[in-house]
Structure formats: C-alpha cells, structure tokens
Amino acid sequence: MPLVTTTEMFKKAYEGGYAIGAFNVNNMEIVQAITEAAGELKSPVILQVSAGARKYANATYLRKLVEAAVIENPDIPIALHLDHGADFDICKSCVDGGFTSVMIDASKYPFQENIEITKKVVEYAHAHGVVVEAELGTLAGIEDEVVVESGHESYTRPEEVEEFVTRTGCDSLAIAIGTSHGAYKFTPEQCTRNELVPPPLRFDVLEEVSKRLPGFPIVLHGSSSVPREFVDKINAHGGKMPDAIGIPEEELRHAAQLSVCKINIDSDIRLAITASIR
C-alpha cells in the first residue's frame, strides 16, 4: 500500500468514534517503533515531520524512511504529514516532496489573514492531491519551534469555524480546548488536591464546533497523556520532571467520540526513550 492521504482515515474514524494517532518522527528508530506497533495493532497511523526534524534529518531523508516503513508494513494505511508548517513556501516544498498531508499553522495571525494564508496553501495542495490541516486558536507550550507562553494561548471561537472552513476549503481543523504542547500541560495547583488529575478540557467548545461542522474532522494538538510510569522512571534515575502532567486518556477517548479524528501525541515517545536511556 503506498502512502495515503488522511481523507479515508478520517472518514472511518469519524464514523467509528475513534481518533488516529499522529506521531512526530526524526530518525529511523522512531519510525520503526511507531510503524511496527501500528502494524501489530493493525492500526492506521500518521507520521509527522516538524521544523526541528527537517533541520535535523531534512525532509528527503525522513520521507525515504517513511517510504521504507510503508514497504515493511504493507497492510496498514500510513500518511506522511507536515506538522505546523509556518508558511506557504514550507508547505509547498513538502507537497512537492511527496508528503500526502500538510498543516499550515497561521493561527498566530488575525482571522482574515489566517484565512488568506490557509486558502493559498489549500489551493496549491489540492491541485497536487494533498490534503490540508489548518488551525484556529492557539495552544500554550513548546514543540520544536512552536512556542506560545502561558497566558497567551486562546481557545477556538466556535462562531468562527464555519466561515473559516468554508472560505479556506481546508480538510481538517486543529482547535484549542485546553491541551498544550510539551510534558508540562498543567501546574499542580490546577489539579485535584493530592492527585495529579488535571481539570477537564473545554468540551463545551468542542461540542459546539462539532454541531457547527457536522461530519468534519477535528484535530487536537498537544494531547500526550504523559504516563506516570515514564515520569517516575526518569525522576528515579536523575531526571527532574516532578510536575509533568498530561491529558487523561479518558478525556481523549471522549473527544474522539465527538468529532476529533486525529490526536497529536507530542511527548510520550520522548518520555519513553528518555526513561529507557536513563
């Protein structure tokens, strides 16, 4: 099976009430581990390339690693996705380079400018058979070169999503409902007393977006669960991550039962690798 777009993946996920895992990759070992696990589970998977990964390994090497994974795992659908494309030129380069999906993240710009930038990417990508993810609202935290300080994040405004999707023609939409990039998604003070249980996500925002965009695939970034077993192992072997708190898996399952078809797991693999090395 060749590389695929996310169109059919998301259609099945929406109808089935589940979400596809999307994982950032930057070397052979990570590509192997993710696709072999997906193969064992017979699960579709989205492999993502970030700005940092492009600088480290460059898009050509990463694309070839993913193509090798496709050969080794012929029975599962695999999409190659650009994560947080900063501008049209980066998205165009990845479309021309064989990616099957790109994200244009113009969420830092005013609404109208976000629409204009996104529409330009969509028109070029669609002309080349590539799908586009866009973003409304901003997440706090750090992921490679995407940095939004706490207090400067903004929830997605449901009243804007219909106009945005209609005018841009994007194929999926990343929204902000309280998730954040990195392993430190919440402070202990925000959590339930005596337990590192974070407050619930803004499901009211997600539910309203789902009503306004029936059948349309929604994406959650910054949604790693930050498993305690990895955090504890890291801390037990010299690490200092006492307050790393992620998104409870039951909240992610609830999101998938609404309209979330893609969940970006941004920290769990790094935690697992760090814990094992330590």
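## Exercises on ring and helix contacts

The charged end of Lys120 sits over the ring of Phe88, at 4.5 Å from the ring centre, where sitting over a ring requires NZ of Lys or CZ of Arg within 6 Å of the ring centre and within 35 degrees of the ring normal. The model is predicted, with local features needing pLDDT of at least 70, side-chain atom pairs counting only at pLDDT 80 or more, and totals for chains, interfaces and linings using all residues. Residues are numbered from 1 along each chain as its sequence is written, and side-chain values use heavy atoms, without hydrogens and water.

**Exercise 1.** Classify the pair formed by the rings of Phe88 and Tyr124.

*Solution.* Rings of Phe, Tyr and Trp (its six-membered ring) pair if their centres lie within 6.5 Å, and planes under 30 degrees apart count as stacked, over 60 as edge-to-face and the rest as tilted. The centres of Phe88 and Tyr124 are 5.8 Å apart and their planes stand at 80°, so the pair is edge-to-face. Both Phe88 and Tyr124 are buried, that is, under 20% relative accessible area.

**Exercise 2.** Classify the pair formed by the rings of Phe111 and Phe164.

*Solution.* The centres of Phe111 and Phe164 lie 6.2 Å apart with the planes at 45°, so this pair is tilted. Phe111 belongs to helix α6 and Phe164 to helix α7 (residues 158–168), so the pair ties together parts that are 53 residues apart in sequence; helices here are DSSP runs (H or I, at least four residues), numbered from the N terminus.

Conventions
Buried < 20%, exposed > 50% of the residue type's maximum accessible area, 1.4 Å probe, protein only. Helix = DSSP H or I, 4+ residues; strand = E, 2+ residues; numbered from the N terminus.
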